[in-house]
Amino acid sequence: MAVDHVRQNTSDTYEVVGGYLSPVSDRYNKAGLASATHRVRMCELACEQTSDWLMVDPWEAIQKEYQPTAVVLNHITTSVNDQLGGISISSEPDAPKKPAQVALLGGSDLLQTMSQPGVWSLDDLDLIIGSHGIFVIERSGSNVSDALAPLNEWSEKMGKNWLENIQVVRQLIANDISSTRIRQFLRWGMSVQYLLPNCVIEYLREHQLYRDPVEDNHPLGDGKGKGKGKMVEGSSNTASDGARVA
């Protein structure tokens, strides 16, 4: 969706040349997540078998301390522009390179957290939105307009205009799939067929991930047998949890 948005709306300014999944480290301390090692590998498998432009950067995942989003974006920018020398503008061997603009891709629920006072530092928001930019995919239950108002107010007080760096990606086909719901399905013993690539489902089965009991109610009945974590085979289209995309 984000790539289509760029092609159809900002092709005179941007061209998508690649994307990185950056799984958070274990120090993120979110209950119910598999270890960073497993999450990195699932992301790698998904990218290798389903995408020709997405990659995995394991740097954030292996850090001993939690890394804020702004720090991760700066790391990727340094890796691409300083260590790799930027992006080639043609296929010629000695073609000149130009710096890449590294932006954050996230859901509108992420944007809503950014608009809540005290959740994100203004310095980090200024770097993320003002310097890098963010592509926001609409998600059910998250009102983008409500989130934009305070962000606009804060940026104006700094003499800046963050809104010009926020690209809202409309969902033309509703998609409410989330990693949280995927984990719930696995713990309930429900099928995730067509929600994850086959290679990721096989990895989950092999390593017995997300099979621990859950306390929340089963959505399809009285909860009999919940928490058994029996895996069901499947295939297709989402990556694993705890990953930022830049």
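What follows is a short chat about this structure.

Q: Before we dig in, what kind of model is it, and which atoms count?
A: It is a predicted model, where local features need pLDDT of at least 70, side-chain atom pairs count only at pLDDT 80 or more, and totals for chains, interfaces and linings use all residues. Residues are numbered from 1 along each chain as its sequence is written, and side-chain values use heavy atoms, with hydrogens and water left out.

Q: Great. Which residues touch the most other members of the largest nonpolar core?
A: Those are Leu-111, Met-114, Leu-125, Ile-128, Ile-129, Leu-151 and Ile-166, out of 24 residues in that core. A nonpolar core here is a set of buried Ala, Val, Leu, Ile, Met, Phe, Trp, Tyr and Cys residues joined through side-chain atoms within 4.5 Å. Buried means under 20% relative accessible area, exposed over 50%, and partly exposed in between, using a 1.4 Å probe and protein chains only.

Q: And which elements give two or more residues to this core?
A: They are α4 (69-83), α5 (108-114), α6 (122-132), β6 (134-137), α7 (144-157) and β7 (166-169). The largest share, five residues, comes from α4. Helices (H or I, at least four residues) and strands (E, at least two) are DSSP runs, numbered from the N terminus.

Q: What does Met-114 touch?
A: Leaving aside residues up to four places away in sequence, Met-114 touches Leu-104, Trp-120, Leu-125, Ile-128, Ile-129, Ile-134, Leu-151 and Trp-154. Contact means heavy atoms within 4.5 Å. Apart from this core lies another one of 21 residues, including Val-200, Ile-201, Tyr-203 and Leu-209.

Q: Which residues of α9 are buried, and what covers them?
A: In α9 (residues 198-206), Cys-199, Val-200, Ile-201, Tyr-203 and Leu-204 are buried. Their cover includes α2 (36-50) and α8 (179-188).

Q: Switching to helix pairs: how do the axes of α4 and α6 cross?
A: They come within 8 Å and cross at roughly 40°; axes are lines fitted to C-alpha atoms, for helices over the stretch in contact, with angles from 0 to 180 degrees between N-to-C directions. That makes α4 oblique to α6, because angles under 35 degrees count as roughly parallel, over 145 as roughly antiparallel, 65 to 115 as roughly perpendicular and the rest as oblique.

Q: Which residues meet there?
A: Thr-69, Ala-70, Leu-73, Asn-74 and Thr-77 in α4 meet Asp-124, Leu-127, Ile-128 and His-132 in α6.

Q: Now backbone angles. What is the phi of Tyr-194?
A: Tyr-194 has a positive phi of about 70°, although it is not a glycine. Tyr-194 sits in the loop between α8 and α9 and is exposed, with a relative accessible area of 55%.

Q: And where is Gln-208?
A: Gln-208 is in the loop between α9 and β8 (243-245). Its phi is positive as well, near 55°, and Gln-208 is partly exposed at 46% relative accessible area.

Q: Last one: where is Met-158?
A: Met-158 is in the loop between α7 and β7. Met-158 and Leu-122 are 36 residues apart in sequence and 9.6 Å apart in space, C-alpha to C-alpha.
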